[in-house]
Each structure stands twice: as structure tokens, then as C-alpha cells.
Amino acid sequence: SKLGSADGIYANSGSGSINIGAENGLEANRIGLIDTDGVGIKAVSAGGPILIRANQILANGSAGIEVSTTGAGDISIAVDLDINAAAAGVVAQNMGTGSTNIIGRTIAAGINSIGIEAVNGAQTKSLTITSTDDIFANTIGIKAAHAGSGDLKIYVNDVENEKSASDPDNPYAAIHAINTGGGDLVIETGLGADSQQVLGYDNGK
């Protein structure tokens, strides 16, 4: 059902974990369609891990999923079907000490927005982004910045953006990945992705 201007699901934890639709890791999903004019799912944690398992999100006025943590646990996000958002599809900011893992299928972002945007701070571990279907965005399909000790890995089938990589200071690209951490940068794409629109910077070693 339509949820109006409020966020579809909002969770805030100062010390414990946040679990939305997940059970035994990311194995279960008890959330149906989220249809809202706000953020589809928003979670903020200063403590334990954040686990999100969603089915389908329609965010008519904002982002599909927004997650941030300064705590010790991991960020784990899995979407079974699709996200259709007026702003970014998925935004994840990890300034804690865990890893970030994002798994999606079809993600469509709004005008002047990013499909998936993920940032891992210097105290984090790994950052992994996986999409088995298509990501559509007006500016950047996937934007990832990783400063943690582990690897930055991106595995996608097809990523499409409408603007070209013409501005070196803020380039538009299908994938824009920056690794300044201690691990490796790995980007693997399917046949639908344009390799000339994949920008990867590995300065960690």
C-alpha cells in the first residue's frame, strides 16, 4: 500500500543491531512492496550490524535505500526484485569497522542521481557490490569509494548511464570506483556494460 510522504521503513539504533526483513543472515524476506513518497528504507546505526532484505521498492520522491553506520557491525543489503527511485537507488555509508555488502537486481535511479553509491571509511574492512540484472542512472551507475583494509569488488551484469565521462573532477560513468585502502580493486561486468565507461582508480598500494 502507498505510505505517503513518510519513509517506508525507518530504523535508528544507538547500540544494538538493525534487522529489516532478514533472518539467518540474508536468507529470509518478509517485506512485500514498499511504495512511498519518502525513502523506501532508511537505517542509521551507531552500534551493531545492519541487515536489510527487501523485495521491491518504489520511492517516488526520494532514495530507495539509505543506510549509514559508525558502529562495529557490517552493512548487508539484498534486494530480490527491483528498486525504482526518484533519487539514488541505494546509498550506503560505512564509517564503522565492519564490511559493506550490497546485492541487487534491477535498480533505476532518478534524474541527476546515482544507481548505487557506497562509501567505506578507513577503519572498515571490505566493500562488495553485486548486481545480477541492470542498473540505470542519469549520472553514475555505481559510485564506490573505499578506504578500508579489505578489497573493493564490483560484480555487475549491465550498468547504463545517460551522461558521458567528460568531467575529470566529477566524471559521469557507468562505474566510478576509487580504492585508497589496503586491498585490491576488482571490477567484473557482463556483456552489456561499456568498458570505456568504467573508471577504476586503485591507489591503495
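Reader: What should I know before starting?

Author: This is a predicted model, in which local features need pLDDT of at least 70, side-chain atom pairs count only at pLDDT 80 or more, and totals for chains, interfaces and linings use all residues. Residues are numbered from 1 along each chain as its sequence is written, and side-chain values use heavy atoms, with hydrogens and water left out.

Reader: Where is Thr124 placed?

Author: Strands (E, at least two residues) are DSSP runs, numbered from the N terminus. Thr124 is in the loop between strand E11 (116-120) and strand E12 (127-137).

Reader: Is Thr124 buried or exposed?

Author: Buried means under 20% relative accessible area, exposed over 50%, partly exposed in between (1.4 Å probe, protein chains only). Thr124 has 1%, so it counts as buried.

Reader: Which side chain makes a polar contact with that of Thr124?

Author: A polar contact is a pair of N or O atoms within 3.5 Å; within protein, one must be able to donate a hydrogen and the other to accept it, and residues adjacent in sequence count only if both atoms are side-chain atoms. For Thr124 the partner is Asn120, at 3.4 Å.

Reader: What does the side chain of Ser99 reach?

Author: Ser99 lies in the loop between strand E8 (90-94) and strand E9 (100-104). Its side chain reaches the backbone nitrogen of Ser126 at 3.2 Å. Ser99 is also buried, at 15% relative accessibility.

Reader: Which residues touch the most other members of the largest nonpolar core?

Author: A nonpolar core is a set of buried Ala, Val, Leu, Ile, Met, Phe, Trp, Tyr and Cys residues joined through side-chain atoms within 4.5 Å. The largest has 37 residues, and Ile52, Ile65, Ile77, Ile129, Ile142 and Ile154 touch the most other members.

Conventions. Helices (H or I, at least four residues) and strands (E, at least two) are DSSP runs, numbered from the N terminus.
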